[in-house]
Amino acid sequence: MTSLEANHYLPEISRHSLMAGISCCCSSALSSRSNLGAISLSFSNNNNGRAARRILRKSLRINAEISYVNAEEARRLVGEEGYSIVDVRDRIQYERAHIKSCSHVPLFIENKDNDIGTIINRQLHNNFSGLFYGLPFTKPNPEFVDSVRSKFSPDSKILIVCQEGLRSSGAANKLEAAGFQNIACITSGLQSVQPGWFDVEGTTELQNAGKGGLVQVQGKISAVLGTVLICAYLFITLFPDQAEKILALVPSS
């Protein structure tokens, strides 16, 4: 490739860095991969060649597009197009309910560090959001991308899921930056999946896997109180005389 051709493809790259890499090469070749939307130059194996190659790849790389789909479209991607499911929720939500045969690679893991700042933050978490939702205090999983790489190749079709859709979006951005090309996310998370759409394992439905702690207890108490109130209303409506006699037995203050 001549310097004129290189400048045509890469106007934004330093001409000095490019020429340094090319001048030290015994041979060079232009290669293209349409599915990646990327163009790269191959140089002989020397320091200047490697430096120029890194600059070229960084400048020419076009990122793959992440697909954001609803739960119904996600079911079609898995059933008809062969997408594999990666569940990025924490361990507790995953154990409550998850799609059968999915791969569990949490974006966040439980934070068990014992420095003073972590201890204070963990205690605050346990007294508030942890108490209400029954979830542990977490930190970013430093091995997330490597764990996914160990299970899937960059051209694999992957559907990323979480409970509400936020963590899956963050996970998709990490994988896209790491070179994964076919990524999809459920926009509103597993809470939008209807019962029966996927084979599920766990102790609850996917929609309720995010509920725990006092929120779950409160929900059960509300359900019981609602049932009692409805029964009392029906009893008073259908049997007013008996209801009046029962109320008469209640001591007045």
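## The sheet

Which strands make up the open sheet, and in what order do they stand? The order is S3-S10-S9-S4-S6, 5 strands with parallel pairing. Two strands count as a pair if DSSP finds at least two bridges between them. The names come from DSSP too: helices (H or I, at least four residues) and strands (E, at least two) are runs numbered from the N terminus. Before we go on, keep in mind that this is a predicted model: local features need pLDDT of at least 70, side-chain atom pairs count only at pLDDT 80 or more, and totals for chains, interfaces and linings use all residues. Residues are numbered from 1 along each chain as its sequence is written, and side-chain values use heavy atoms, with hydrogens and water left out.

Strand S4 (residues 84-87) runs parallel to S9, and 4 bridges join them. S4 also runs parallel to S6, this time with 2 bridges. Follow Asp87 and you can see both links: its bridge partner in S9 is Val161, and in S6 it is His104.

## The chain as a whole

Let's zoom out. The chain has 11 helices and 11 strands. Of its 253 residues, 32% are buried. Here buried means under 20% relative accessible area, exposed means over 50%, and partly exposed is in between (1.4 Å probe, protein chains only). The accessible surface of the chain comes to about 15500 Å², and 55% of that belongs to carbon and sulfur atoms. These areas come from the Shrake-Rupley method with a 1.4 Å probe; for residues, only the protein chains shown count as cover.

What about contacts, meaning heavy atoms within 4.5 Å? Take the contacts in the chain with a separation of 6 or more: 66% of them are between residues 24 or more positions apart.

## Two nonpolar cores

A nonpolar core is a set of buried Ala, Val, Leu, Ile, Met, Phe, Trp, Tyr and Cys residues joined through side-chain atoms within 4.5 Å. The largest one here has 19 residues, and those touching the most other members are Ile85, Ile99, Leu159, Ile186, Leu190 and Val193. Helix H4 (71-81), strand S5 (97-99), strand S9 (157-161) and strand S10 (182-186) each supply at least two residues of this core. H4 gives the largest share, 3 residues.

Leaving out residues up to four places away in sequence, Ile99 touches Ile85, Leu190, Phe198, Asp199 and Leu206. There is also a second, separate core of 18 residues, with Ile66, Val148, Ile158 and Cys162 among them.

Helix H8 (residues 144-151) has Phe144, Val145 and Val148 as its buried residues. They sit on the same side of H8 because they cover an arc of only 95° around the axis. That arc is taken from the directions from the helix axis to the C-beta atoms. The buried residues of H8 pack against S9 and helix H9 (166-177).

In H9, the buried residues are Arg167, Ser168, Ala171, Ala172, Leu175 and Glu176. Seen down the axis, they fall within an arc of 165°, so they line one face of the helix. Leu166 and Ala177, on the other side of H9, are exposed. The buried residues of H9 pack against helix H5 (91-96), strand S7 (108-110), H8, S9 and S10. Gly179, which follows H9, has a positive phi near 105°.

Arg149 is in helix H8 and is partly exposed, with a relative accessible area of 43%. Not counting residues up to four places away in sequence, Arg149 touches Ala178 and Phe180. Its C-alpha atom is 9.0 Å from that of Leu175, which is 26 residues apart from it along the chain.

Ser101 is found in the loop between S5 and strand S6 (103-104). Ser101 has a positive phi of about 70° although it is not a glycine. At 73% relative accessibility, Ser101 counts as exposed.

Technical notes:
Contact means heavy atoms within 4.5 Å.
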